[in-house]
Structure formats: C-alpha cells, structure tokens
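Please examine the sequence and the structure before reading each solution.

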Amino acid sequence: MFDRFETLAESPAHELALDCLADGIDAVHPRRAVERHCALAGETLRIRNVEYDLSAHDSILVLGGGKAADELAAAFETLLGDRLDGGVVVTNERTADPTRVDVLEGEHPSPGEGSVSGARTVLDRACAADDRTLVIAAITGGGSALLCAPASGLSVGDLRAVTDALLDAGASIDEINAVRRACSSIKGGGLAAAAAPATVVGVLVSDVVGDDPSVIASGPTVPTGVDLEAATAVLDRYDLDVPAVRARLAELESSAPPDVDVENHVIASGRDAIDAAREVAADRGYETCVLSTRIEGEAAAAGRLHAAIGAEAADSGDPVEPPAVVLSGGETTVRVTGDGIGGPNGEFVLAAATGLPPDAVLSAVDTDGGDGSTDAAGGLVDGRTVDDPEAARAALADNDSYTFLDSKGALLRTGATGTNVNDLRVLVVP
C-alpha cells in the first residue's frame, strides 16, 4: 500500500518521514488493534481486559458502520470463526471481504441514499436481536455520515445540506455531531436502544480528539439523548441557512438518554499512530517530541506553527535538539472561501512550506487515505518545495492546495487504508 511513497524519498529525511507515516497507519489498522486488545479463550471473549461469557448467548452479531467498519468486522470474523452468526456494517470504500458479515456501501463525508439504506438495514438487524444475542457494535470514524437515519420530518437531503454547510464553515467534529445527534434516530445511543434487550458491546476506532465515545460516529452505542440547546447554538454560531433542520429543532424537546446499558471499548486511536511513528524515529537515532494528539483549529495556522517549531529547533535546539522528529495528531479544519481543490492536510503542509528550514521535511496525512474530498491522503514538503511564495499564498486563498502540491509532486496518495484515526503529522529536522 505504501510502496508509492518511495518515489518521494529524495533524502534520508524524506524517507524517515514516510516510514513514520507508514508504520503509524499500520499500527492503527483494525486487524492490528483486535490482535492487541481482543482474545478468545474457550467460551470467553476478552476485550481490553473485560471478559464476556459467550455461552450466555445463542447468537453473536457484528453491526455498525464507519470507514474501517468492514476491516473491524473481518477481524472479529477471524477471531470468532463459526461462533459469529452474521451481521451488517456500512462503509464507503470497502477494503475487506468478510464472509459472515454483509458489507454495504454508503456515502462520505456527506450522507446519501446508500447511507440511509445501510443504516436502515443495521437498525432492522438490531431490532431482531433478543436477550440471548451478543451484538458487537463495530463503530469507526466516518460513521456519522455512513449511518444516516434521518429523524422524522427530515430527508437525507436535509442532512446533507447541514453537513456540507458545517464542513464548509470549518466547524469542529464535536459541533457537527451535536447537530447530527439531534437529527438522527441511530446516533446518541439509537443503535444500542434498537438492539435492546440484547447485550451490546461497542468496539470503537477513534477519529476524534480526546477519543470520547459519544463523539465517535456521533455515538450510536452511547446513550446521550438530544441536546437541542447545543445543536441550535452550533447553527447560530455559523449563521447557517438550513430551514428544514431549524424547523425540526424548533419542534423537538431535549430528551433524556435511552435507558440502555452498553460497554464501549476504544481499541485504536491517533495516540497509537503517533507512538508507532515515534518508535520508528527513535530506532533511527532521532530525538523525538510529541507536540500533542489534540491539535485542532485552522489547518493553515497549524501548519505555520509547525514550521516555526522546526525553524526554532534547527536554530536553537528547542524544544528538541536535532536530529529530531516532531510529531502531532488531531484534526484541523478549513473554512472554505475559494473554489479550489484541497483538504486540511494539504493546506497544512502548503502553509508550512514557506517557513521550513531548507533541510527540514514535513508530512501530514489523514490516516484514512482521503484528505477532505480529494484522492490524496495529504502532502510531503520541505524547505525547497515552494519557490514562489506568492503563488502558494494565492493557492491557499483559493483553497487550492491540491493543485499546487500536485504540480510539485508533493501529494501523498495511499488509497483507502482500511482505518481512520484522524491526522498524523511528521516533522523531520536533520
């Protein structure tokens, strides 16, 4: 999958940055995560040191959705074998082919008809479960769009409109999901409620800062209820013209969480990716510094900050003495005002490129392989990538980082990686 990176390895620093990315992404693949955190011994299934007695259940199902849900389902199929009776998950670009679990395809980042029909199928299978059923809920990043069950009075077009508006406004994932929960019958614990009285165990791959299960895919297995005040405040904050959604919120009342008992386990996150990348750098003899796994905000501003840190390290040895690798994760956003093509990671590296020391290398990718709505995962730049700063600034102003980076051979393309734990950034200061 990562062989294509080799064409960009112009120096040892470039090669190291790419190796850090590759190992980071590999470490958070669902199959790796299940191997680390799940085990089967006789009739006992252990997930993150919590044991479940399979003899207490007549059937076991895998239900859920997200960009890595098919890989998570396949991993549990391998683990459980013929103990697994079936299930259904929804993804956008399948990379796994489980035989016992149906894989349906929906749309991302904005929901579509496939997302609606997929969510309906998942809910139907959940409703058919009984008190002797164990439901393993495979929930991963991207599930908010891929599991789309519009609440009464709303259409998938209404949810697409509000999702697109929030994304273009640069809203955070927490803000977007506060609105989504108020507009859906599967989020905020809706999947767990549909499966009652079955035993529901959530197994989550986190793509959100802080790894809050209620935010991952808008929390299908986390009973949160509806917070109308929070949802309305988000729409007002960005002054969004979404009349159908506003009308829906005006008719509702805030609701208490569904009365269901669910245990949720996060088995892979951005921290795991950074730890794996850090190990690669340390093994090569580089000092390492993890800035944060929680960096959010405007992508271009975060990129310029990383460039400044790289310049400071090269000049003074602070905050880390070269040769060094500085790592960070999180999820930056872009406020779309131009007509170009790009995503947060492309804007991040392009904004940073003009401020990097000559020999420094900076890479940033979305670990799912898709930066925004582009076919690139992100980009790889150094202090020599930008020879026309004015052109780079114009590209950023038009939100056209993709075109600029492509012209420099600086895009990183992986295809769908089978996982999704948000952004991974690697700064190498030789």
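**Exercise 1.** Determine whether Arg32 is buried, partly exposed or exposed, and find its salt-bridge partner.

*Solution.* Step 1: Arg32 has a relative accessibility of 35%, so Arg32 counts as partly exposed; buried means under 20% relative accessible area, exposed over 50%, and partly exposed in between, with a 1.4 Å probe and protein chains only. Step 2: the side chain of Arg32 meets that of Asp26 in a salt bridge, at 3.2 Å from N to O. A salt bridge is a side-chain nitrogen of Lys or Arg within 4 Å of a carboxyl oxygen of Asp or Glu. Step 3: Asp26 is partly exposed as well, at 33%.

The model is predicted: local features need pLDDT of at least 70, side-chain atom pairs count only at pLDDT 80 or more, and totals for chains, interfaces and linings use all residues. Residues are numbered from 1 along each chain as its sequence is written, and side-chain values use heavy atoms, with hydrogens and water left out.

**Exercise 2.** Explain what the salt bridge between Arg413 and Asp375 ties together.

*Solution.* Step 1: the closest N and O atoms of Arg413 and Asp375 are 3.5 Å apart. Step 2: Arg413 lies in the loop between β14 (411-412) and β15 (423-429), and Asp375 in the loop between β12 and β13, so the pair ties together parts that are 38 residues apart in sequence. Helices (H or I, at least four residues) and strands (E, at least two) are DSSP runs, numbered from the N terminus. Step 3: Arg413 is partly exposed at 30%, and Asp375 is partly exposed at 46%. Step 4: Asp375, Asp406 and Arg413 are linked in a network of salt bridges. The whole structure holds 17 salt bridges.

**Exercise 3.** Describe the surroundings of Thr374.

*Solution.* Step 1: Thr374 is found in the loop between β12 (361-366) and β13 (378-382). Step 2: its relative accessibility is 14%, and therefore Thr374 counts as buried. Step 3: the side chain of Thr374 reaches the backbone oxygen of Asp371 at 2.8 Å, and a polar atom of that side chain lies 3.2 Å from the backbone nitrogen of Ala376. Step 4: leaving aside residues up to four places away in sequence, Thr374 touches Ile341, Gly342, Gly343 and Tyr402, where contact means heavy atoms within 4.5 Å.

**Exercise 4.** Give the strand order of the open sheet of 6 strands and identify its edges.

*Solution.* Step 1: the order is β6-β5-β4-β7-β8-β9, with parallel pairing; two strands pair if DSSP finds at least two bridges between them. Step 2: β6 (102-105) and β9 (262-268) each have a single partner strand, so one side of each is left without a neighbour in the sheet. Step 3: strand β5 (residues 86-91) is joined to β6 by 4 bridges, and Val88 has Asp102 in β6 as its bridge partner.

**Exercise 5.** Which residues touch the most other members of the largest nonpolar core?

*Solution.* Step 1: this core has 53 residues, and Val62, Phe76, Ile136 and Val428 touch the most other members. A nonpolar core is a set of buried Ala, Val, Leu, Ile, Met, Phe, Trp, Tyr and Cys residues joined through side-chain atoms within 4.5 Å. Step 2: helix α1 (residues 12-27) gives the most to this core, with 7 residues. Step 3: apart from this core lies another, of 33 residues, among them Ala307, Ala351, Ala353 and Phe404.

Terms used. A polar contact is a pair of N or O atoms within 3.5 Å; within protein, one must be able to donate a hydrogen and the other to accept it, and residues adjacent in sequence count only if both atoms are side-chain atoms.
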